[in-house]
Amino acid sequence: MNIFYGTGVAMVTPFQADGQVDYDGLRNLIEHLIDGGVEYLVSLGTTGESATLSEAERKQVFAFTAEVVNKRVGLVAGIGGNNTHEVVEQVKAFNVDGYDAILSASPHYNKPTQEGIYQHYKAIAQNAKLPIILYNVPSRTGSTVSAETTVRLAKEFKNIIGIKEASGNFDLFNQLMRDKPEDFLFISGDDPVTLPMMALGGVGVISVIGNALPRQLSDMVRLLLNSDYKGAHAAHFDLIEFTRLMFAEGSPAGVKTALKQLDVCGDTVRLPLVQVSEKTADAIADELKKLAPVAVKA
């Protein structure tokens, strides 16, 4: 699974001003990311505003993305939800052409027990045609996938190959890294703490900020994979303020603002999300002038 070592980007879904999917913008974004040297892309994760897309839109975005990527980098499909039966049906019906894995967040809103989370992922694993990456993001789901549950799933299902961890819980990280199978992938799902997570043994990140700054982020991640912590520290510190701004008024509104300023795609988001304030947009522009001065749109 070396394809998932390094930098993955949870891609935004560009929209036109009227809210329709902007496929020209999506093509621009994909080329921007591949040119930026990332190892793989994630289509229609949380950052892709997947919750606001219709089933028909999701199918079209998945197909379009696979066609444009054309196996030049790894590609992951975000398929999840809080109705296990529905998720299983989506997984079974998914056209896997061009895709390498499925990223599936733990069920939101229902607040299942650990046994419920286990049974949810067991049902997915038993029906998926692709490897599965778990996704633990308690700030969005309202429940945590414990280290014990993750290790149980990793040991019982060989097609569950890793976890995108965005809990921010280093006690959980310590337990997971101690107890997991050696080849089970520990992936940062939280840009601000990618460096310490990789210092624990993480193999990379599935990033939000990488949408805007793929080269800068992937360079830092490669330094970490090569155990060059001094170089990685410098890159990390350079990105701190930009990273903070990306989440200051919600994601992906922040990174879409940056992408507009970089002339990659527009900054439209779908309700209930709204665009960032003028103050935050100006602060993002100031940081981009420091980090990517040649690329920023005048």
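The lining of the largest pocket divides into 19 nonpolar, 16 polar and ten charged residues. This is a predicted model. The volume of this largest pocket is about 1200 Å³. It is lined by 45 residues, and those closest to its centre are Leu44, Ser50, Arg58, Gly78 and Gly80. Helix 2 supplies the largest share, six residues.

Next comes the second largest pocket, at about 270 Å³. Its lining has 18 residues, with Tyr135, Arg140, Gly189, Val208 and Phe247 closest to the centre. Here helix 5 and strand 8 (204-207) are the elements that give two or more residues. By type, the lining of the second largest pocket holds eight nonpolar, six polar and four charged residues.

Helix 3 leads on to a helix pair. Two packed helices are described by the angle between their axes and the distance between the axes. Helix 3 packs with helix 4 (residues 114-125) at an angle of about 20°, and their axes are 9 Å apart. Helix 3 is therefore roughly parallel to helix 4, because angles under 35 degrees count as roughly parallel. The crossing of the two helices is right-handed.

Which residues in helix 3 and helix 4 meet? From helix 3 come Thr84, Val87, Val88 and Val91. From helix 4 come His120, Ala123 and Ile124. This contact divides into five nonpolar residues, two polar and no charged.

Note on methods: Residues numbered from 1 in each chain as written. Predicted model: local features only at pLDDT ≥ 70, side-chain atom pairs only at ≥ 80, totals over all residues. Heavy atoms only, no water. 1 Å grid on protein atoms, 1.4 Å probe; cavity = no way out; pocket = protein on both sides within 12 Å on 5 of 7 lines; lining within 4 Å. Points joined across faces, edges and corners; volume = space filled by probe spheres on them. Helix = DSSP H or I, 4+ residues; strand = E, 2+ residues; numbered from the N terminus. Nonpolar A, V, L, I, M, F, W, Y, C, P; charged D, E, K, R; others polar. Axes fitted to C-alpha atoms, helices over the stretch in contact; angles between N-to-C directions. Parallel < 35°, antiparallel > 145°, perpendicular 65-115°, else oblique. Left-handed = near helix turned anticlockwise from the far one by under 90°. Contact = heavy atoms within 4.5 Å.
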